[in-house]
Amino acid sequence: MALPALAAVEGPGVGQLIQATHTTAQIRADGKLDEPAWQQAPVFDTFVQTFPKANAAPSQRTQMRVLYDENNLYFGFHLQDSHPEEIIRKLGRRDQPPYSDAIQVIIDSAHDHRTGYVFKVTAGGVQADSLLFQDNKETLEWDAVWDGAASMAPDGWTAEIVIPLRILRFPSAPVQTWGFAAQRTIARLYEESLSVFIPRDANGRVSRLGHLTGLEQLQNTRRLELTPYVATRMVLRPQFSNATIPEPRLLDPSADLGLDVKAALTSDLTLNATINPDFGQVEADQLILNLSTFEQYLPEKRPFFIQGMDLFQPVLGTDSPHQLFYSRRIGLDAPILGAAKLTGTVGKGLDVGFLDVLVAGAQRNNVDEARPDRTLRFNLMRPLHLGPDHELPATLPVPQNYFMGVVRGAVGPNSTVGGRVSSAVPLTGRCTEAEAALPIPPPSCTAQGGNAAAVDWDLHTADGTWALQGQMEGSQVVGGPPSRTLLDGVVLARGAGGFGGYVTAGKLGGEPFRFDVNYRYASPTLDLNSVGFLRSQNQQIAGLGLHYTRPNGVGMLHRFDVDFTASQSWTTDGRLLPRNGAVNLNVRGVFPGWYTLGTEVGMTLLGYDVREISGTGLGFYRRPELYMAVLWNTDESKSFFVNTFAAIGFNKQMDGSVKLGYGSTVSAIFRPNDWLETRLSVNVDRTVHGPRYVEPGEEGQYFFGELHSEFASLTLRQQWVVTPKLTLQAYAQLFTDFGRYGSFYEARSSGAPIRVDRDLTPSSYVGPPGFHDAALNLNLVLRWEYRLGSTLFLVYSRAQHEGPYPKGVTPPATLLPANLFSGPANDALLLKWSYWWSV
């Protein structure tokens, strides 16, 4: 709180006032500035280059005009270019623009110096929007209904952006003055120019905007937006849940009805709600092989959970080590019946956000899979879904209510202090000890709920260069079994509490030198994973980062960065066992020709894995590992773009030899013309794990096996663009993996840590033969935005998995998809129609 942030002032654009002109004329968003009203608006053309030549005059002239009426804000641009034939104007789907010439505007309508709306139009007419929050963080998933278009001109191109006032949050005032900037991209030159100069090394964007003024007597009309949808699908699925019986397959029809609602309760407070949302058009998660003892973090793709969720982000964004809200927890086992979120400002500098979601589902009445009930009917637990009994799960999904609340207040123009709470409450009875011991426990014993609360702070100096960020939180276990044992042996009883937090501080802006120090702590019983994300409890980590950055280049390089990081962690259960440590050096540069070359070297340090020997808490010492990596990217503005990453690792084995592991990803993007794009990605990995825990023996005895695993993934994404509002996208991923155990070992311990280099001895134990898996995901999506905000989706998807191997059969040690097409498969065809209107 003693930071100079309390005395912060606006950035260098504080004195810039760009004038908007009122109009009563009708403006059509066709990209052509042919309405007479445009000629009446003053021209702004004093843009300044931010890259590659900082604070220099742009190579091409940009003229901007601003109009407004009682409903909309209009921006008109004439983007001159001395070589119009070289303008890059690739086509793409809305919110997925390829790298192209573009113009975008950034609007801080609340003028809080922390939140900015971004609206972008490319030279090909592709629209995209995003949201800036906490001054310099950005979420690309924010979405709103607005219009924009582009048109070619003899001396360059022109663009229009039409933004409805109802999607902006602004206070009541006779004359509005908003934070504002416009940014132009000339793709072939990688040139960026802005209406106000914002250095690339600045740790802040919204607080450095200029100003848009002259907006008089604006009224937020508090309109209501309704988007109903109807979805019908046909699913061809195996009749039997047993994966060894993939045939016969049954064709199940179903239909859903749902509604999305958005209402402006006040000029600063917005309510979003959804009833029976359907996410059938969302692309499937990428298949991965995770053999670690940690959960994999997956990105959110469902529109309701990615739009307008900036307020719910922790101070470090998705990089936060302790997250109270992780939306992927919601809807895993039961469909969402309804959800609502309320976000906005309730006082000067005071933001609030509340989210509540109810999930519940039905189970099938007929459990005899040999005689399935295929009668179409409604179910009280899913009243807006029509489908056969056969498609429902055999066990009743646990109904649960999820809640998240956030309050965040400003303590300076670019600093905040806030509090947040989260909750996941199973709507079931109380699980008893006897019920938990049953072979098939009731739903009340399988549910895992919890409460959590935290205070956080995000403090910056006036220029954003120095920062102090952090969070302190506590948790409580709710519902579920009377107790459960975590991977590290900690017994988590119902009602148990835990605590933790993290803090990071340092010089996060400016050049060339930056640094940061960080510390995080999680008690053994801290549990955020009922609705949040915590990679591991029972851990404290101290880290240091040293950085050398030249974002505007040095010598022949367009950009140059060097990063050194080091960390070490220990348990927090009183033993202070060193869990793991790491050092890493990363060097990257952007060279002439706009290709990127980077190298990375690192080493894992002494550490005891307390999660490997599951449920015991025994420390398992792993040897240090050394790895090296290289990355190389070509010029993204060209028709053919390649992105490569390759790494090798060295692992000392039990016999003293050193084995080599490797991993590599090669991605290529080919755009032969403006309307066609092909993306192909190949990922291969060979990991030498060393001894891994297999199973316990007699009292105090544990068996281990040397595990060798490999996986390969081939992913194809194809896009055809008829217009930016009519696109066809195809997605296919073929994934295979295998693992094979070699020599087996055993160790005995009465509670002392087990060391690979001291305590393991060869064993006659014969463990599992290994595993093999193959899968194919296909997705074909036709998207048509037939009117503003209204869409029609036609989606075909297929999920094919390799069948299990019979007992006694050793899975093959090959990356070939051996039995892929003999396994179970699901084919689905979806037609989804939605209609948006504002009343």
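**Reading strands and a surface patch**

A: In this predicted model, strand 14 (residues 210-216) is mostly covered, with six of its seven residues buried.

Q: How do strands of a sheet pair?

A: Strands of a sheet pair through backbone hydrogen bonds, and the pairing is either parallel or antiparallel. Here, strand 1 (residues 17-19) runs parallel to strand 14 and is joined to it by three bridges. Within strand 14, H211 is the bridge partner of L17.

Q: In which sense do strand 12 and strand 14 pair, parallel or antiparallel?

A: Strand 12 (residues 175-186) pairs with strand 14 in the antiparallel sense, over five bridges. Opposite L212 in strand 14 stands W178.

Q: What is the order of the open sheet of three strands?

A: The order is 36-37-44, and the pairing is mixed. Strand 36 (607-609) and strand 44 (754-755) are the edge strands, since each pairs on one side only. Two bridges link strand 37 (residues 620-622) to strand 44 in the parallel sense. Y621 has R755 in strand 44 as its bridge partner.

Q: Which residues form a nonpolar patch on the surface?

A: The patch is formed by V517, L544, L546, F564, L585, V601, M628, I648, L660 and Y662, which together have about 740 Å² of accessible area. Strand 32 (539-550) and strand 40 (658-673) each supply at least two residues of this patch.

Q: Where does I648 lie, and why does I648 count as partly exposed?

A: I648 lies in strand 39 (residues 640-652). Partly exposed covers the range between buried, under 20% relative accessible area, and exposed, over 50%. I648 has 31% relative accessibility, so I648 counts as partly exposed.

How values were computed. Residues are numbered from 1 along each chain as its sequence is written. This is a predicted model: local features need pLDDT of at least 70, side-chain atom pairs count only at pLDDT 80 or more; totals for chains, interfaces and linings use all residues. Side-chain values use heavy atoms; hydrogens and water are left out. Buried means under 20% relative accessible area, exposed over 50%, partly exposed in between (1.4 Å probe, protein chains only). Helices (H or I, at least four residues) and strands (E, at least two) are DSSP runs, numbered from the N terminus. Two strands pair if DSSP finds at least two bridges between them. Patches are made of residues with over 30% relative accessible area and no salt bridge: like charges are joined within 9 Å, nonpolar side chains (Val, Leu, Ile, Met, Phe, Trp, Tyr) within 5 Å. Accessible areas come from the Shrake-Rupley method with a 1.4 Å probe; for residues, only the protein chains shown count as cover. A salt bridge is a side-chain nitrogen of Lys or Arg within 4 Å of a carboxyl oxygen of Asp or Glu.
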